[in-house]
Amino acid sequence: MAGMNSCDDCRYFDYDEESDSYFCDMDLDEDEMERFLRRATAGCPFYHRGDEYETARRQ
């Protein structure tokens, strides 16, 4: 699902209690971060649906 435009349910979208904000936890290089901040991509190439129960279902 690389065409997703929302980070809300992405595995790499994380919350930082100290700054009280959300951020992308993916290790982006400088160019990727610039495109991410400008929202210049049609969809995030690193999007991966976050599902905390994914491993449990496989067992």
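Is D9 buried, partly exposed or exposed? D9 is partly exposed, because its relative accessible area is 26%, where buried means under 20% relative accessible area, exposed means over 50%, and partly exposed lies in between, computed with a 1.4 Å probe on protein chains only. The structure is a predicted model, in which local features need pLDDT of at least 70 and side-chain atom pairs count only at pLDDT 80 or more, whereas totals for chains, interfaces and linings use all residues. Residues are numbered from 1 along each chain as its sequence is written, and side-chain values use heavy atoms, with hydrogens and water left out.

The protein chain has 2 helices and 2 strands, and these follow the pattern β-β-α-α when read along the sequence; helices (H or I, at least four residues) and strands (E, at least two) are DSSP runs, numbered from the N terminus. Of the 59 residues in the protein chain, 8% are buried. The accessible surface comes to about 5,200 Å², and 46% of that surface belongs to carbon and sulfur atoms; such areas come from the Shrake-Rupley method with a 1.4 Å probe, and for residues only the protein chains shown count as cover. With contact taken as heavy atoms within 4.5 Å, 53% of the contacts between residues at least 6 apart in sequence join residues at least 24 apart.

To return to D9, its partner is R49, with which it forms a salt bridge whose closest N and O atoms are 2.9 Å apart. R49 lies in the loop between α1 and α2 and D9 in the segment before β1, so the pair ties together parts that are 40 residues apart in sequence. Side chains of opposite charge can pair when their charged atoms come close. The rule applied here asks for a side-chain nitrogen of Lys or Arg within 4 Å of a carboxyl oxygen of Asp or Glu, and by this rule the count comes to 1 salt bridge. R49 is exposed, because its relative accessible area is 52%.

R11 is also found in the segment before β1, and with a relative accessible area of 41% R11 is partly exposed. The C-alpha atoms of R11 and C24 are 9.1 Å apart in space, while the two residues are 13 residues apart in sequence.

Between β1 (13–16) and β2 (21–24) runs a loop that holds D20. The phi angle of D20 is near 55°, a positive value in a residue other than glycine, and D20 counts as exposed because its relative accessibility is 56%.

The loop between β2 and α1 contains D25, which is partly exposed with a relative accessible area of 48%. If residues up to four places away in sequence are not counted, D25 touches Y12 and D14, and the C-alpha atoms of D25 and Y12 are separated by 4.9 Å although the residues are 13 apart along the chain. D25 also belongs to a patch of negative charge on the surface, where it gathers with D14, D27, D29, E30 and D31. A patch is made of residues with over 30% relative accessible area and no salt bridge, like charges being joined within 9 Å and nonpolar side chains (Val, Leu, Ile, Met, Phe, Trp, Tyr) within 5 Å. D31, one of the patch residues, lies in helix α1 (residues 30–38) and counts as partly exposed at 49% relative accessibility.

Note on methods
Lys and Arg count as positive and Asp and Glu as negative; His and the chain ends are not counted. The place of a charge is taken as NZ of Lys, CZ of Arg, CG of Asp or CD of Glu.
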